[in-house]
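The sequence and structure come before the details.

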Amino acid sequence: MAPHRFGAGWDQLRRPVWLYDPQTGQKPYANPAALALWGAASLAALADRDFSAQSPAMKTRIQRLVEQTAHGAAVSERWVFFPHGQPVTTQAVVSMFVDDDGQALLLFEATIEDVPVEEQRAAEALRHASTLISLFDTDGTRLFSNPAAFRAYGDMEGDFAARFAAPEEGQAMLAAAAKGAVSGLRAVTTRDGPRWHHMGARPVPDPATGRTCILLDEQDVTLRVEAEIARSAAEQKAGMAEARQQFLTEMSHELRTPLNAVIGFSRLLADADLPAAATDQALRIYGAGLGLLEVVNQMIADPAGQLAPPIPPEAASADVSGRETAQAETGLRALYVDDNENNRALVQAMFATMGFVCETAVDGRAGVEAAKSGDWDVILMDIQMPVMDGVTATRIIRALEGAAASTPIIALTANTLPDQIQTYVEAGMDDCVAKPINMVELLTKVSHWAQGCWRETALAGPTATAS
C-alpha cells in the first residue's frame with residue numbers, strides 16, 4: 001500500500017519511483033517500475049531485503065542528499081544500483097518527502113540509462129576514491145565533488161576559497177589554476193577541524209558545457225606534516241639547549257677564571273702577616289669577589305657535582321692541619337695542568353702554605369707527558385685548554401702503563417654543569433673542585449686522594465682500579 005494519497009498516481013508511472021528511509025535503509029514504497037528495477041516480486045519482498053550494509057562513500061552520499069533536499073531542493077545525479085548483484089545505471093531526481101506520520105524520506109524518480117561500461121567504472125571509482133576531487137567554475141562555485149570531498153567539507157564544499165584556512169590563499173590558487181596547473185601544501189578547515197592538504201588544481205573543459213572549469217584534487221597529509229613539525233621543533237629545542245649549554249660553558253669559564261685569581265690571591269694576602277690596613281683591604285677584595293661569585297652562580301650554574309663522596313665539613317680543616325707536618329715531611333707531589341698562568345701561580349701558592357710540591361703543565365698534551373713519569377701523588381686537571389683538553393688528557397693517562405695510569409685525577413674547572421661532571425666521570429677522573437677555588441676544599445681533597453691506597457692497588461695488578 002502506498003504511504004500517501006499520491007501513491008496510486010505513482011503506481012501508474014512507467015519510470016521507477018520509490019521512497020527511501022535514510023535512517024533504516026529500507027524502502028517503504030516502490031511503484032511497479034521500481035519493483036522491476038530492483039527485481040522484487042512485491043513491496044513485501046523488497047522490504048525483506050537488508051540494505052543496511054553500505055560503504056562509507058554510500059553513507060556520505062545519502063547524508064549529502066538529506067542535507068541538500070532538507071529545504072525543498074531537488075538533486076539530479078547518476079546512480080548505479082545493484083539488484084541481485086547486477087549493475088543498473090539510472091539518472092535519478094531526488095527530493096525530500098514527508099509521509100503522513102511526519103517521517104522525512106527521500107523520493108527517488110529514476111530513468112534507466114545505457115552508459116558505457118568504462119564510464120560506469122570511472123564514475124564508481126571516483127565516488128569511492130579516498131582522494132578529495134571537486135570541479136569548480138572559474139568563479140569558484142562547485143559543479144561537482146565526490147563523497148570524500150563532501151565528507152571532509154560538508155556545506156563548505158560549495159565555495160573554492162571557503163575550504164582554505166586563509167581564504168585569500170584559495171582565491172590566489174583559483175586565479176592561478178585558470179592559467180595552468182598549480183599545486184602546494186595548504187592549511188584547510190574541515191568538519192574535523194584544521195587539517196593540512198596537498199592540493200593540485202588545473203583547468204579542464206566542462207564535459208557538460210564546454211566552458212573552462214577547475215579540477216581540484218586534495219590529499220590529507222596532516223599526520224605527515226605534524227610529524228615534520230614535531231621533528232623540526234625537537235631539533236630546534238635540541239639546538240637551543242646545545243647553544244644554551246655552550247653559552248653557559250663559555251660564560252662560566254670566562255667569569256670564573258678571573259674570579260679564581262681575585263678570590264684566591266686576596267685570601268692568601270689576608271692570611272699573610274701584613275699590616276692591619278693591608279689585611280683589611282685584602283679582606284674587602286676577598287668579600288667583593290665572593291659576592292660577585294654568588295651572582296655568577298645564580299646566573300649560570302646548576303650546582304657543582306661530586307665525583308666522590310664529600311668529606312664532612314667539620315672534618316675538613318682538621319684533616320688538612322692534621323696532615324700538614326706529615327705531608328710536608330713526605331713531600332706530597334702534585335701535577336697541575338692549566339693554561340692560565342694566574343691559576344697556576346695561585347694553586348702553587350696555596351700548596352706552598354702546606355709545604356706541598358706543585359709542578360705545572362700548560363696544556364693537556366704537556367700534562368700527559370709529565371704524567372708518564374708516575375712520580376705524582378695526585379694530578380689536578382683543568383678542562384678547557386688549547387692543544388689538548390683535560391678530558392682527552394685524562395683518557396690518555398688512564399690508558400698508560402704502570403702506576404701513572406692509576407694516579408688520582410681531580411678536575412679543577414669552571415665547567416661544573418651536571419652533564420659536564422658526568423663526562424669527567426666517564427673519562428676516568430676521581431673528583432672535582434670548582435673554580436673559583438675554595439682553598440680548604442682543594443687541600444682537603446688533594447690530601448684525601450694522595451693518602452689513599454691507590455698505589456697499592458696499582459701494584460696489585462694491571463686490572464686494578466683506583467679507590
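## Aromatic pairs

Rings of Phe, Tyr and Trp (its six-membered ring) are taken as a pair if their centres lie within 6.5 Å; planes under 30 degrees apart count as stacked, over 60 as edge-to-face and the rest as tilted. On that basis there are 13 aromatic pairs in the structure. In one of them, the ring centres of Trp10 and Tyr29 are 5.6 Å apart and the planes meet at 40 degrees, so this pair is tilted. Trp10 belongs to helix H1 (residues 7-11) and Tyr29 to strand E2 (residues 29-30), 19 residues apart, and their pair links distant parts of the chain. Helices (H or I, at least four residues) and strands (E, at least two) are DSSP runs, numbered from the N terminus.

The model is predicted: local features need pLDDT of at least 70, side-chain atom pairs count only at pLDDT 80 or more, and totals for chains, interfaces and linings use all residues. Residues are numbered from 1 along each chain as its sequence is written, and side-chain values use heavy atoms, with hydrogens and water left out.

Buried means under 20% relative accessible area, exposed over 50%, and partly exposed in between (1.4 Å probe, protein chains only). Trp10 is buried at a relative accessible area of 14%, and Tyr29 is buried at 3%. Phe81 and Phe108 form an edge-to-face pair, 6.5 Å from centre to centre with 75 degrees between the planes. Phe81 is in strand E3 (residues 75-81) and Phe108 in strand E5 (residues 104-112), so the pair ties together parts 27 residues apart in sequence.

Both Phe81 and Phe108 are buried. They also belong to one aromatic cluster, together with Trp18, Tyr20, Trp38 and Trp79.

## Charges over rings

A charge sits over a ring if NZ of Lys or CZ of Arg is within 6 Å of the ring centre and within 35 degrees of the ring normal. Arg191 lies over the face of Phe150, at 4.8 Å from the ring centre. Arg267 is placed over the face of Tyr286, at 4.9 Å from the ring centre.

## Cysteines

With a disulfide taken as a pair of cysteine sulfur atoms within 2.5 Å, the count is zero. Cys213 is buried, at 1% relative accessible area, and Cys432 is buried as well, at 3%.

## Buried helix faces

Helix H14 (residues 418-427) has Gln420, Ile421, Tyr424 and Ala427 buried. Viewed down the axis, the buried residues of H14 fall within an arc of 120 degrees, so they line one face of the helix; the arc is that of the directions from the helix axis to the C-beta atoms. Their cover includes helix H8 (222-271), helix H13 (390-398), strand E14 (409-413) and strand E15 (431-434), where contact means heavy atoms within 4.5 Å. Gly428 follows H14 and has a positive phi, near 115 degrees.

In helix H7 (residues 167-177), the buried residues include Gly170, Met173, Leu174 and Ala177. These cover an arc of only 100 degrees around the axis, which puts them on the same side of H7. The buried residues of H7 pack against strands E6 (132-137), E8 (182-190), E9 (193-205) and E10 (212-220).
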